[in-house]
Amino acid sequence: ETEFNIFNTDEKLAAIESLASMLKAVPGRKSVVHFSSGITRTGQENQAQLRATISAANQANVSLYTMDARGLAALPPGGDASSSSPSGTALYSGTAMVSQVSAMQSSRETLASLSADTGGRTFYDLNDFAPAFEAVQKENSSYYLLGYTPSNTRSDGRFRHIRVEVGRPGL
């Protein structure tokens with residue numbers, strides 16, 4: 001099961017990477033709204049694919065806005081119909097509930113990484129997606145594109161210090 005989960009997660013991330021690569025040819029900033037019921041990583045095994053996906057999105061100037069399609073989650077004690085009831089004292093000690101919440105948070109963590117590392121946002125616990133769409137639209141209604149050409153043309157691998165100032169207060 002673990003090998004299948006590693007493969008499944010890598011395939012989901014590779015699909016997003018492929019989309020970002022295709023969008024690279026489109027000029028300007030792009031926003032992708034991704035609906036999912038979570039993407040669960042299996043430790044370090046999926047880290048390389050996650051980094052490749054984020055890198056492809058950033059190179060293509062794509063911001064990922066991820067939405068947890070499960071909506072507001074009210075987890076029933078002992079689990080839902082997708083798995084068998086916990087055995088032993090797990091139901092009475094609270095460990096079953098902790099396990100459920102941990103699994104849901106784990107599946108949201110990858111979505112949050114994709115969003116945060118590409119300049120987007122993650123939306124979850126929403127049964128009405130209208131506020132999320134409004135937020136995405138507002139965030140993308142204006143943006144600035146800065147270019148930089150160094151006066152020092154040596155390719156010595158060193159960082160250059162730059163300072164950007166704007167004349168408008170509050171920015």
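**Entry 1: Leu 114 and the cores**

I looked up Leu 114 and found that, leaving out residues up to four places away in sequence, Leu 114 touches Leu 13, Ile 16, Ile 39, Leu 50, Thr 53, Ile 54, Leu 64 and Thr 66. I count a contact when heavy atoms lie within 4.5 Å. The model is predicted: local features need pLDDT of at least 70, side-chain atom pairs count only at pLDDT 80 or more, and totals for chains, interfaces and linings use all residues. Residues are numbered from 1 along each chain as its sequence is written, and side-chain values use heavy atoms, with hydrogens and water left out.

I then noted that Leu 114, with Ile 39, Val 62 and Leu 64, has the most contacts inside the largest nonpolar core, which has 14 residues. A nonpolar core here is a set of buried Ala, Val, Leu, Ile, Met, Phe, Trp, Tyr and Cys residues joined through side-chain atoms within 4.5 Å. Buried means under 20% relative accessible area, exposed over 50%, and partly exposed in between (1.4 Å probe, protein chains only). Two or more residues of this core come from each of α1 (2-23), α2 (47-59), β2 and α4 (95-116). Helix α2 gives the largest share, four residues. Helices (H or I, at least four residues) and strands (E, at least two) are DSSP runs numbered from the N terminus. I also found a second, separate core of six residues, among them Tyr 65, Met 67, Phe 123 and Ala 132. In soluble globular proteins, nonpolar side chains tend to be buried together.

**Entry 2: the sheet**

I looked at the strands next and found an open sheet of three, in the order β1-β2-β3, with parallel pairing. The edges are β1 (30-36) and β3 (122-123); each has a single partner strand, so one side of each is left without a neighbour in the sheet. Two strands pair if DSSP finds at least two bridges between them, and β2 and β3 pair over two bridges. Met 67 stands opposite Phe 123 in β3. Helix α5 (residues 130-139) packs on the sheet and touches β1, β2 and β3, and its direction makes about 170° with that of β2. Such angles run from 0 to 180 degrees between N-to-C directions, with axes fitted as lines to C-alpha atoms, for helices over the stretch in contact.

**Entry 3: Asp 68**

I placed Asp 68 in strand β2 (residues 62-68). Asp 68 is buried, with a relative accessible area of 1%. Its side chain is joined to that of Arg 70 by a polar contact of 2.8 Å. A polar contact is a pair of N or O atoms within 3.5 Å; within protein, one must be able to donate a hydrogen and the other to accept it, and residues adjacent in sequence count only if both atoms are side-chain atoms. Beyond four places in sequence, Asp 68 touches Ser 36, Ser 37, Arg 108, Phe 123, Tyr 124 and Phe 129.

**Entry 4: Ala 57**

I found Ala 57 in helix α2, buried at a relative accessible area of 1%. Setting aside neighbours within four places in sequence, Ala 57 contacts Ala 20, Val 62, Leu 64 and Thr 118.

**Entry 5: positive phi**

I checked two loop residues. Asn 61, in the loop between α2 and β2, has a positive phi near 60° and is not a glycine. Asn 61 is partly exposed at 34% relative accessible area. Asp 125, in the loop between β3 and α5, has a positive phi of about 60° and is partly exposed at 31%.
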